[in-house]
Amino acid sequence: MSVAPLLECKNLSISYAGRAGDVPAVVGFNLTLKPGEAHGLVGESGCGKSSIALAVMRYLGRAGRVVAGQILFRGRDVLAMNDAEMRRVRGGAIAMIYQEPMASLNPSMTIGEQLIEVPRYHEGVGHRDAALRARAMLDRVQMADATRIMHSYPHQISGGQQQRIVIAMALLSNPQLLLLDEPTTALDVTVEAGIVDLIRRISAEFGTSMLYISHNLGLVRETCDRITVMYCGEAVESGPIADVFRGARHPYTRGLFASNPSPAADKNSRPLRSIPGQLPSPRARPPGCLFGPRCEFFAVDRCDAQPVPIAPIAGSGDHSSRCLRVDEIAWDAAPAAISSRAAAVFGEVALQVNALTKRFGSVSANDGLSFEARRGETVAIVGESGCGKSTFAKILMGLLQANSGSVQLAGLELSRLPVTRRNPQTIRALQMIFQNPFDTLNPSHSIGSQIARVIRKLGVQRDAAKVREQVLELLDLVKLPRDFAARRPRQLSGGQKQRVGVARAFAGRPDVVVADEPLSALDVSVQAAVSELLIDIQRRERTTLLFISHDLSVVRYLADRVVVMYLGQIMEQGSTEQVFAPPYHPYTEALLAAVPIADQHYTKRKVLLSGEIPSASNPPVGCRFCTRCAYRIPGTCDRLAPPLQQVAPDHQIACHLPREQLAAMRPVFEEVTP
Amino acid sequence: MRNLVVRRAIQMLLIMLTVSLLLFAIFDSDQFREKAAVAELGGFGIATLSADDYHEWLQKKGLNEPFLARYAQWLKAVAHGDLGRSVEKDVAVATLLKESLANTAILAFFVLLGLIPIALTLGVLAGMNEGSRLDRVISVAAVITTSIPQIATAVLLTVILALGLGWVPAKSAMTDGWSFRPLVLPLLTLLLYDIGYLVRMTRAAMTEVMASQYIRTAVLKGLPPWRVIMKHALRNALVVPVTLIFLELNGLLSQVVVVEVFFQYAGFGRMLFDAANFGDIQVLQAATLVAIAVAVVSQLLSDAAYTFLNPRVRFK
Ligand code: SF4
Ligand code: SF4
C-alpha cells in the first residue's frame with residue numbers, strides 16, 4: 001500500500017531574470033517526499049538546491065520564478081494557492097530552518113517576542129498561552145535558562161543557541177514538513193553535532209518530514225532516508241541513502257565521494273581524487289549531458305548528442321541516475337590508481353614555539369603554547385572557534401605581539417616583532433595563505449601583475465623579464481594556464497583564486513607558509529584539488545606548512561602532525577596517526593566523534609559532549625575542557641591544571657586521566673567488515 | 001551614555017573656544033575695526049574718518065588693549081551670561097538672539113511637523129516595494145527635489161505661489177505681527193529639499209531591511225504583511241532616519257540662512273547674515289556659539305537615539 005506523498009515536485013524548473021535574459025537555476029526537478037521521511041538534497045554551490053526549498057515556500061524574490069512544473073503539498077498546488085492559504089502553509093504546515101541563524105533572527109526584537117508570534121498568528125492563541133508554549137518549546141530544544149533567553153536579544157546568545165531558537169520557532173506550529181537549508185554550516189563541529197542530534201530526535205518524535213539541503217555528504221548520510229544529488233540545476237542521482245552511499249551510479253556522485261576526505265581513513269589507504277574541470281556557467285551549458293566535459297566516461301556522439309533523462313536503474317528498486325552509460329561502467333572497479341606519495345622526510349626544526357602567551361585584557365587567547373615544526377613538515381592546528389588558532393597566526397605574521405613566550409624562525413625571535421619592523425628577508429621566509437582568496441586579491445589588477453608585485457617586493461627578482469618569467473613559472477606551479485596572467489580576479493572561480501593565493505605565498509620560496517583555513521570557502525570537489533596542489537608544492541619545496549583548520553577530515557588528509565587546541569591551550573599533540581587513534585585526549589575524542597562521515601566503510605562511536613564552549617573571558621578553572629568532558633574527575637579536573645602526559649614519543653596529552661584509562665580508549669571510527 | 005554626554009560636552013567647549021578665538025582674531029584686523037568705526041560714527045566714508053576720531057573710538061571701545069586680554073575679558077563676560085551689545089542695532093546681543101532664535105524655532109517646528117510624517121511614510125512605502133511603480137514615482141520625485149538648489153526653489157515658489165497665483169505673500173517680514181501665511185513659502189522651500197533627502201535615506205534603509213534574512217524569516221513564519229512591516233521591518237529600518245532627523249536640526253540652522261534672507265524672515269539666519277555684512281562681531285560670536293551648541297547637541301541626541309533604538313548597542 002502506498003502512502004500519499006506529503007510533498008511532490010513534478011518537473012519543476014526555476015529561473016532567475018538576469019540582465020541578459022533568464023538564467024535557469026533548476027531544470028526538470030522531481031521529488032516525492034512521504035510523511036515522516038527525510039530527504040537529503042546534496043550538491044555544490046550554485047546547483048540550485050536552495051532555490052527548490054524557496055520555491056516550495058514561494059519565496060524566490062523579485063527575479064526568481066517557477067517557469068514550469070508543479071509543487072504539490074498534500075496534493076494541493078502551492079503555486080496556485082492564494083495569499084491567505086500560503087500564509088497558513090508558511091510557518092504553519094511547512095517551516096524552514098536557515099543557514100545563518102544570526103542573520104535570520106530579528107536583531108531588534110527579543111527572542112520571546114519572535115517565538116510568541118508563531119502560535120499567536122497561526123492559531124490565535126493569547127499572549128500568555130503563547131508565551132508558555134514558547135517556553136515549553138525551548139525546553140524541548142534543550143535550551144537551558146529559558147526565562148533569560150526569552151528576554152534576550154539574538155546577539156546576546158551563541159550561534160548554536162541561535163540555531164536552537166530558529167528550530168524552536170519552526171517547531172512551534174507543529175509543522176508536517178521542515179525545510180532545512182544548510183542548518184549547521186555556520187557552526188562549529190561539536191555544536192553542529194548537537195544540532196543534528198536534535199533535528200534527528202525531533203523528526204522521530206514529531207514524525208516531521210524533512211527536506212535537508214546540504215553540501216555535506218556525511219551529514220546527509222547521518223540524517224536522511226533518501227538522497228538526491230544535484231548538478232547544475234538537475235538531479236543526477238536519487239535513491240535510498242544506503243544504495244547511493246554503497247554504490248553510487250553517477251560519475252558525478254562518485255566524484256564527490258572520491259574528493260571527500262574522511263576523518264576515518266588515513267591518506268594512504270584512500271587518496272583523494274578531485275573532479276577535473278569546473279562547473280559550466282549557467283548560460284553556457286554543454287550540449288547533452290551537463291557533466292560530460294568533466295566526466296571520465298564521456299563517450300563522444302552519445303553523451304553530447306541530446307539531453308540525458310534521469311532514469312531508474314534496472315533491478316534496483318527506486319534508485320535512479322542521469323547517466324546514459326550506467327549499465328556499461330564498471331562501478332565496482334577501483335578508481336584508476338593514483339601514484340602514492342613517498343613519505344616526507346623532515347629536516348631540522350624550522351619553527352619553534354615556546355610557552356607563547358597572548359592576553360587581551362583578562363582573556364588569554366593563547367596560553368602557554370609550545371610545539372615545533374620541522375622543515376618539510378605539515379603541522380595542523382585544529383580547534384573550534386575561540387580556541388585561539390587565529391590569534392596564534394596573527395602573532396606569527398606580526399599583526400599582534402605576544403605577552404610572553406617565544407616564536408623562533410630559524411633562530412630569529414618573532415613573537416614581539418611587528419610586521420612593520422620585519423625585514424624583507426623575514427617576510428619572504430614566512431608567508432600566508434588566507435581563507436578568503438576573494439578578499440586578498442585586488443579586483444582592478446591582473447593576476448600576473450599582482451604576483452609580479454609580490455616577487456619584486458620580496459626582492460626575489462627585480463629584472464622585468466625575469467619577473468615575468470617567474471610569474472609564468474608560478475602559474476605552472478599552481479597548475480593554472482599561463483594566459484591567466486592577463487586575467488582579472490573576477491574572471492576566476494573560487495578554486496582558481498585560491499591557486500593564485502598559493503602562487504603568491506610561494507613566490508618568494510618561503511621557509512614557512514601559514515595557511516589559515518585555506519579550503520573552507522571552497523566546494524568539496526575543488527578542495528581536493530587545492531589540497532593536493534598544496535601538498536605537492538610543499539613537498540617539492542620542502543616548505544614547512546602550518547595548516548590552521550577546523551576540519552578534521554582535511555587535517556587527517558593533509559597533516560603530518562596535529563596540534564589540538566581548546567580555549568587557548570594545547571590539549572593534545574602528536575603525529576597524525578597518533579592523534580587520530582587512541583589514546584585520545586577526551587576533547588579530541590569528542591571532536592572526532594562530532595564529524596559526520598560519508599564513508600560507508602566505517603562506523604562511528606557516539607561520544608557524549610555536554611554544553612557549549614565556555615566564554616574565553618571566563619575560562620573554567622583546572623582543565624579548560626572540564627565543563628564539557630564526559631570523563632571529568634570531580635574535585636580534580638575542576639581544580640587543578642592537568643599534567644602533560646607523554647603517552648608515546650612525541651605524543652602529548654594534557655589530562656588528569658590515568659595512563660591506563662587513556663590507553664583503554666576504543667577507536668572512534670571502526671571499519672565495518674563486510 | 002553618561003560618558004558620551006561628558007565627551008560631547010568637552011568636545012563642544014573645545015570647538016567653541018577654537019572657533020571664537022579664530023573669529024575674534026579675524027575681526028580684530030584693522031580692516032574690520034575701521035569698518036565698524038565708520039558704521040558706528042555715522043556712516044561717512046573712511047576718508048572722512050580722521051585718525052584722531054578713530055583712535056578716540058578705539059579707546060572708548062577698549063580696543064587698544066592687547067588682543068588676548070580682550071579675548072579673555074570677552075570670555076569672562078560670556079561665562080557670566082553677558083553676550084555683549086550689537087554695534088549695528090545697539091541692543092543687547094542676548095535680546096537680539098532670543099527674538100531671532102524664537103522665530104527660527106517656529107519655522108523649524110513647522111518644518112519638522114511636515115517633514116517627519118511625510119518623509120518617513122513616503123520612504124517606507126517606496127522601500128517596501130522596491131522597483132514598484134509607487135517606488136519609482138517617489139524616488140524620482142525625491143531625486144528632483146534634492147537636486148534643485150534651495151535658492152532656485154525659493155524663486156520658483158515665489159513666482160508661482162505669490163506672484164502668479166497670489167495665494168501667499170512673497171516676503172515674510174511680518175511687519176504687522178505674526179501670521180502663518182507669510183511662513184508658507186520659506187516652509188515649503190525648506191520642506192521640499194529636506195523631504196526629498198529624508199525620503200531617499202528612509203527608502204534606502206527600508207529596502208536593505210526588506211532584503212534581509214530576518215524579514216524572510218518573518219514572511220516565511222506566515223505573518224500577515226502588516227505585521228512583517230510594522231513589527232519586523234520598521235524597527236530596524238527607522239534607526240537611521242530617526243538619527244538623521246536629529247542631525248537635521250543642525251542642518252536646518254545653515255539652510256535658514258538662505259531661506260530667511262531670501263524671504264526677509266527675521267530669524268537666526270537673517271540675523272547672522274546681517275551681522276556678517278556689518279561686521280557686528282559680538283553678534284557673530286554669540287551666533288557662532290549657538291550654532292556650535294546646536295550642532296553638538298543634535299549630534300548627541302542622534303547618538304542617543306541610535307543607542308536607544310539599537311539593542312545590539314544598548315545591550316552589549
Ligand atoms: S552520460 Fe556520459 S558524460 Fe554524462 S555522466 Fe554518463 S557517461 Fe558521463
Ligand atoms: S583533565 Fe579531566 S576534564 Fe580535562 S580532559 Fe582530562 S578528564 Fe576531562
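The shell around ligand 1 holds eight nonpolar, two polar and one charged residues. Here Ala, Val, Leu, Ile, Met, Phe, Trp, Tyr, Cys and Pro count as nonpolar, Asp, Glu, Lys and Arg as charged, and the others, Gly among them, as polar. This is a predicted model, where local features need pLDDT of at least 70, side-chain atom pairs count only at pLDDT 80 or more, and totals for chains, interfaces and linings use all residues. Residues are numbered from 1 along each chain as its sequence is written, chains are lettered from A and ligands numbered from 1 in the order in which they are written, and side-chain values use heavy atoms, without hydrogens and water.

**Ligand sites**

Select ligand 1. Around it are A:His250, A:Pro251, A:Cys289, A:Gly292, A:Cys295, A:Phe297, A:Phe298, A:Cys303, A:Cys323, A:Leu324 and A:Arg325. A residue is listed if one of its heavy atoms lies within 4 Å of the molecule.

Now select ligand 2. Its shell has ten nonpolar residues, two polar and no charged. The residues around ligand 2 are A:His585, A:Pro586, A:Cys623, A:Phe625, A:Cys626, A:Cys629, A:Tyr631, A:Cys637, A:Pro642, A:Cys655, A:His656 and A:Leu657.

**Backbone stops in chain A**

Go to A:Pro583. It sits in the loop between helix H20 (576-579) and helix H21 (586-594) of chain A. Helices (H or I, at least four residues) and strands (E, at least two) are DSSP runs, numbered from the N terminus. The peptide bond joining A:Pro582 and A:Pro583 is cis, with omega about -5°.

Pick helix H15 (residues 447-457) of chain A. Its buried residues are A:Ile447, A:Gly448, A:Gln450, A:Ile451, A:Ala452, A:Val454 and A:Ile455. Buried means under 20% relative accessible area, exposed over 50%, partly exposed in between (1.4 Å probe, protein chains only). These residues of H15(A) pack against helix H16 (464-477) and helix H17 (494-506) of chain A. Just after H15(A), A:Gly459 takes a positive phi of about 70°.

Step on to A:Lys479, in the loop between H16 and H17 of chain A. Its phi is also positive, about 55°, although A:Lys479 is not a glycine. Because its relative accessible area is 54%, A:Lys479 is exposed.

Then jump to A:Arg74, in the loop between strand S4 (64-73) and strand S5 (76-77) of chain A. Phi of A:Arg74 is near 50°, again positive in a residue other than glycine. A:Arg74 counts as partly exposed because its relative accessibility is 47%.

**Chain B**

Switch to chain B. It has 14 helices and zero strands. Its C-alpha trace spans about 85 × 55 × 30 Å along the principal axes. Of its 316 residues, 43% count as buried.

Zoom in on helix H7 (residues 150-164) of chain B, which gives six residues, the largest share, to a nonpolar patch. The patch covers about 840 Å² and is made by B:Ile151, B:Val155, B:Leu156, B:Val159, B:Ile160, B:Leu163, B:Leu165, B:Trp167 and B:Val258. Like charges are joined within 9 Å, nonpolar side chains (Val, Leu, Ile, Met, Phe, Trp, Tyr) within 5 Å. Areas come from the Shrake-Rupley method with a 1.4 Å probe; for residues, only the protein chains shown count as cover.

Leaving aside neighbours within four places in sequence, B:Thr153 is in contact (heavy atoms within 4.5 Å) with B:Ile148, B:Thr189 and B:Leu192.

Methods:
Patches are made of residues with over 30% relative accessible area and no salt bridge: like charges are joined within 9 Å, nonpolar side chains (Val, Leu, Ile, Met, Phe, Trp, Tyr) within 5 Å. A salt bridge is a side-chain nitrogen of Lys or Arg within 4 Å of a carboxyl oxygen of Asp or Glu.
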